[in-house]
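This briefing covers a loop position, the fold, a cavity, salt bridges and a surface patch. Please read it alongside the sequence and the model.

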Amino acid sequence: MALKTLEIWLEKYWLGELSQVEEMQFKSELKANKNKLEGELLQMAEWFESQEELKQNLTLGEDFDDQVMNKIHSKSKSKDQWNWMKIAASVLVAFALGFFAWWMPLQQERRELAQQEEKAYLEAKATLELMASMMNHSRKHLSSLEMINTAQEKVKNTFQPERKQNKEKGDS
């Protein structure tokens, strides 16, 4: 086959436009004409040849399956060791949620009670202040009464000696 055709196939190979059949033909032509090729075509022929050799020489040892299974089991054991931690974390989260579900209403009740106590205190304070102002207001009236009382005492003292005399005259 002409080198020109091989070069066209090489270009199609790199572009990924070769069908499977064309690729097989391309590889077989490169292998058949290896001593006539040069440059990139020769490199491709050697590369395909080395790939075939690797495929033929690639064998797995008899203990390959056992090694793979041991690796799988060792990895699954390490995952099993973390499972108890996941369960413990889940239990911890559940307890924490339960605690907060119990604790938050208590805190709300305490806040409401504190607010009620504050309201009661403020009402009692307002009542006492009202009473104090009323007492202070009535104290002003007491000073007037005291003046009246003082005046009465003066009047009594002034007229009392006469009463005594009148009583003494009336008794005799």
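Glu 38 is found in the loop that runs between H2 and H3. The model is a predicted one, and in it Glu 38 is exposed, with a relative accessible area of 65%. The C-alpha atoms of Glu 38 and Leu 3 are separated by 9.8 Å, while along the chain these two residues are 35 residues apart.

**Fold and burial**

- The chain has four helices and zero strands.
- Read from the N terminus on, the order of elements is α-α-α-α.
- Of the 172 residues in the chain, 8% are buried; the cut-off for that class is under 20% relative accessible area.

**Cavity**

- One cavity of 30 Å³ or more turns up when the whole structure is searched.
- The volume of the largest cavity is about 50 Å³.
- Helix H2 (20–32) and helix H3 (40–57) are the elements that give two or more residues to the lining of the largest cavity.
- The lining of the largest cavity is made by Lys 27, Lys 31, Ala 45, Phe 48, Glu 49 and Glu 52.
- H3 supplies the largest share of this lining, with four residues.
- By residue class, the lining of the largest cavity holds two nonpolar, no polar and four charged residues.

**Salt bridges**

- The count of salt bridges comes to two.
- In one of them, the side chains of Glu 23 and Lys 27 meet at 3.4 Å, N to O.
- Glu 23 and Lys 27 are separated by about one helical turn, because they are four residues apart in helix H2.
- Glu 23 counts as partly exposed because its relative accessibility is 22%, and Lys 27 counts as partly exposed because its value is 25%.
- Another salt bridge joins the side chains of Glu 52 and Lys 31 at 3.8 Å, N to O.
- This pair links distant parts of the chain, with Glu 52 in helix H3 and Lys 31 in helix H2, 21 residues apart.
- Glu 52 has a relative accessibility of 35% and so counts as partly exposed, whereas Lys 31, at 54%, counts as exposed.
- Lys 27, of the Glu 23 bridge, is also among the residues that line the largest cavity.
- Lys 31 and Glu 52, which form a salt bridge, are likewise among the lining residues of the largest cavity.

**Nonpolar surface patch**

- Which residues make the nonpolar surface patch of about 440 Å²? They are Leu 60, Phe 64, Val 68, Met 69 and Ile 72.
- Phe 64, one of these patch residues, has its place in helix H4, which covers residues 64–171.
- Phe 64 counts as partly exposed because its relative accessibility is 33%; a patch takes residues with over 30% relative accessible area.

Note on methods
Residues are numbered from 1 along each chain as its sequence is written. This is a predicted model: local features need pLDDT of at least 70, side-chain atom pairs count only at pLDDT 80 or more; totals for chains, interfaces and linings use all residues. Side-chain values use heavy atoms; hydrogens and water are left out. On a 1 Å grid over the protein atoms alone, a cavity is a set of points where a 1.4 Å probe fits but cannot get out, and a pocket is an open set with protein on both sides within 12 Å along at least five of seven lines; lining residues have an atom within 4 Å of a point. Grid points are joined across faces, edges and corners, and a volume is the space filled by probe spheres set on the points. Ala, Val, Leu, Ile, Met, Phe, Trp, Tyr, Cys and Pro count as nonpolar, Asp, Glu, Lys and Arg as charged, and the others, Gly among them, as polar. Patches are made of residues with over 30% relative accessible area and no salt bridge: like charges are joined within 9 Å, nonpolar side chains (Val, Leu, Ile, Met, Phe, Trp, Tyr) within 5 Å. Accessible areas come from the Shrake-Rupley method with a 1.4 Å probe; for residues, only the protein chains shown count as cover. A salt bridge is a side-chain nitrogen of Lys or Arg within 4 Å of a carboxyl oxygen of Asp or Glu. Buried means under 20% relative accessible area, exposed over 50%, partly exposed in between (1.4 Å probe, protein chains only).
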